[in-house]
Amino acid sequence: MEGTKEQRARPRRTRENINPSDAWQPKTHLGNLVKASKVTLADIFTYTLSIKEPEIVDFFLRDSLKEEVLCVKSVQKQTKAGQRTRIKALVCVGDGKCFVGIGAKTSRDAATAIRGAMQRAKCSLMYVKQGYWSSSVGMVHTVPVTAHGKAGSVRLKLIPAPKGTGLVAGSVPRTILRMAGVKDIYSKSTGQTCNTENFAKATIDALVRASNFYSPDLWNSKAEGVNPLLRAEESAGADRRRRG
């Protein structure tokens, strides 16, 4: 009986004591490679690998990733039984250096909608390329070129700015740019900017266009190595042939 009491007196393993990487069971091939430490975050964005599990982002950016809710609103849908009201959330995630993503989710309650939007934002994470305003001295602080983004009726223009300018933009693009690590920028927007979702999508579209710009010094640069998925398939095939 004493041994039984001692076993009962042991502290239980709560959720706070469990490491998320240990409890994570990958469901995709990329997730298995990430958990086995065979793929880095740089490989994912270098070879444009699709992220389908939010735990992949948590595995690399668990300590530095931050979330912020852009808006929570109610939406309605007309059905045969009448109007169906649900909650829609828009969330932005980023590490404040070079990664940012947004996601939207609709659910019956706000907590589930925010949680689902956060997971979608992690799966849509993107790398934001930054540059300088005039001379390449010090740390990067603004977008490399002028870029345009659009979503619905919203049109947004991002313009590089000198150091010390700050984020001259609306509340929605300012939040996304701050989460992406951009420190100085000018912006110009037109259309129905009161639509938070379209305003956020236009900002992401402009950042994608700015990040896709390659200056002449990058024209001859090539990705070194092999696609990690192909490398894993080749190693698995070699193991099967060796066993056979």
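**Close-up views**

**View 1. L218 is partly exposed, with a relative accessible area of 31%.** Partly exposed here means a value between the two other classes, buried being under 20% relative accessible area and exposed over 50%, with a 1.4 Å probe and protein chains only. The model is a predicted one, in which local features need pLDDT of at least 70 and side-chain atom pairs count only at pLDDT 80 or more, whereas totals for chains, interfaces and linings use all residues. Residues are numbered from 1 along each chain as its sequence is written, and side-chain values use heavy atoms, with hydrogens and water left out. L218 is placed in the loop between α8 and α9 (228-243), where helices (H or I, at least four residues) and strands (E, at least two) are DSSP runs numbered from the N terminus. Together with Y214 and W219, L218 forms a nonpolar surface patch that has about 370 Å² of accessible area. These areas come from the Shrake-Rupley method with a 1.4 Å probe, and for residues only the protein chains shown count as cover. A patch takes residues with over 30% relative accessible area and no salt bridge, joining nonpolar side chains (Val, Leu, Ile, Met, Phe, Trp, Tyr) within 5 Å and like charges within 9 Å.

**View 2. S211 lies in helix α8, which spans residues 196-211.** Its relative accessibility is 10%, and S211 therefore counts as buried. Apart from neighbours within four places in sequence, S211 is in contact (heavy atoms within 4.5 Å) with M126, Y127, V128 and K129. The side chain of S211 also reaches the backbone oxygen of L207 at 2.8 Å. A further pairing in space is with P144, which is 67 residues from S211 in sequence while the C-alpha atoms are 7.7 Å apart.

**View 3. In helix α5 (residues 54-61), the residues P54, I56, V57 and L61 are buried.** These four residues lie on the same side of α5 because they cover an arc of only 155° around the axis, the arc being that of the directions from the helix axis to the C-beta atoms. The elements that cover the buried residues of α5 include the helices α3 (29-35), α4 (41-46) and α6 (110-123), together with strand β3 (99-107).

**View 4. K122 and D58 form a salt bridge in which the closest N and O atoms are 2.8 Å apart.** The pair links distant parts of the chain, with K122 in helix α6 and D58 in helix α5, 64 residues apart. K122 counts as buried because its relative accessibility is 10%, whereas D58, with a relative accessible area of 22%, is partly exposed. Side chains of opposite charge can pair when their charged atoms come close. The term salt bridge is used for a side-chain nitrogen of Lys or Arg within 4 Å of a carboxyl oxygen of Asp or Glu, and by this rule the count comes to five salt bridges.

View 5. R209 and D205 are four residues apart in helix α8, so about one helical turn separates them. R209 is partly exposed, its relative accessible area being 45%. Elsewhere, salt bridges that share partners join K88, E197 and K201 into one network. Within this group, the side chains of E197 and K201 meet at 3.2 Å, N to O, and these two residues, four apart in helix α8, are likewise separated by about one helical turn. E197 counts as buried at 14% relative accessibility, while K201 counts as partly exposed at 41%.

**View 6. S37 and T48 are two residues other than glycine with positive phi values.** S37, with phi near 60°, is found in the loop between α3 and α4, and its relative accessible area of 58% makes it exposed. T48, with phi of about 50°, lies in the loop between α4 and α5 and is exposed, with a relative accessible area of 69%.

**View 7. K35 is placed in helix α3.** At 31% relative accessibility, K35 counts as partly exposed. K97 is 62 residues away from K35 along the chain, and the C-alpha atoms of the two are separated by 24 Å.

How values were computed: A polar contact is a pair of N or O atoms within 3.5 Å; within protein, one must be able to donate a hydrogen and the other to accept it, and residues adjacent in sequence count only if both atoms are side-chain atoms.
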